[in-house]
Amino acid sequence: STLTGGTLEDFTRTLPSLGAVYRITPSLSLYGNASKGFKPNQGNYDIDGNPVAPEDAQQYEVGIKALLFREKLAASLALYDIRQKNVAVADPRYPYPAFLCRGQNLVCYESVPGQTSRGVEFELSGKALPRLEMRANYRYASAKIDSTTATLPFYAPHQGSLWATYSFGENGKGFWTGIGVYARSAQRGGTPFIPMARVPGQVRTDASVGYDGSNWSLTAGVKNLFNERLYLIGSGNYGTGIVDQPREAYLTLRYRFW
């Protein structure tokens, strides 16, 4: 249910999903799945105060999973196709805050008739060496909409990360240290009808150290180690870039009682 113009509007949807896995060998499997999605777009209105239609989606995915090098490394490759209808996006004709939807402090939205997103994802994880664990992933994505005037949601076609952890202890206990790099390509999306500040490609480096005991652990880390000026992928409308979190330090203590 969602509140629309002071009245409660009910939606009824059946959201089936189906998946299957075929094991070729004990270390190699193929899989596929299909599912439906729904989003009520609650609280999103157009310039005339009308609620944006709810969003419906269909997702299809096929892939392969494998264990390599005597099951020391796990690898997966997936292809996906997502088709959405009535995607709610900010209306470029009525930029906030110059225009207030329904006369209130609200962004004006419009509905994209259809959006199709396709991509491929690859991931590799496990023990590269007896004391070295790593996780690497890469994703390529593309998107298009069935409109020449609506806004294409922002996205980065290429994204990837690499994280490595080295342990100095034995049997999962003792000191360890880790470092990770996350990178993405320049932003795509938006609309030619409004000024844009394009978000460039960027790289973020994180680092951490820690100690694992029998029933407790302590972790200290730094996000955005080199304090790079990074921007949110969804920023750039009307020449305004939104800066992401600068360098951030954290300390975490965990204790297990049983």
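The model is predicted, so local features need pLDDT of at least 70 and side-chain atom pairs count only at pLDDT 80 or more, while totals for chains, interfaces and linings use all residues. Residues are numbered from 1 along each chain as its sequence is written, and side-chain values use heavy atoms, with hydrogens and water left out.

**Exercise 1.** Determine which residues make up the largest nonpolar core and which elements give two or more residues to this core.

*Solution.* A nonpolar core is a set of buried Ala, Val, Leu, Ile, Met, Phe, Trp, Tyr and Cys residues joined through side-chain atoms within 4.5 Å, where buried means under 20% relative accessible area, exposed over 50% and partly exposed in between (1.4 Å probe, protein chains only). The largest such core has eight residues, namely V87, V89, V112, A143, I145, A150, L152 and Y155. Two or more of its residues come from each of β6 (73-90), β8 (132-145) and β9 (152-155), strands being DSSP runs of E with at least two residues, numbered from the N terminus.

**Exercise 2.** Decide whether N224 is buried or exposed, and locate this residue.

*Solution.* N224 sits in the loop between β14 (216-223) and β15 (248-255). Because its relative accessibility is 2%, N224 counts as buried. Leaving aside neighbours within four places in sequence, N224 is in contact (heavy atoms within 4.5 Å) with R204, T205, D206, L230, Q245, P246 and R247.

**Exercise 3.** Find which lysines lie over the faces of Y31 and Y250.

*Solution.* The criterion requires NZ of Lys or CZ of Arg within 6 Å of the ring centre and within 35 degrees of the ring normal. K65 lies over Y31 at 5.4 Å from the ring centre, and K223 lies over Y250 at 5.8 Å.

Notes. Helices (H or I, at least four residues) and strands (E, at least two) are DSSP runs, numbered from the N terminus.
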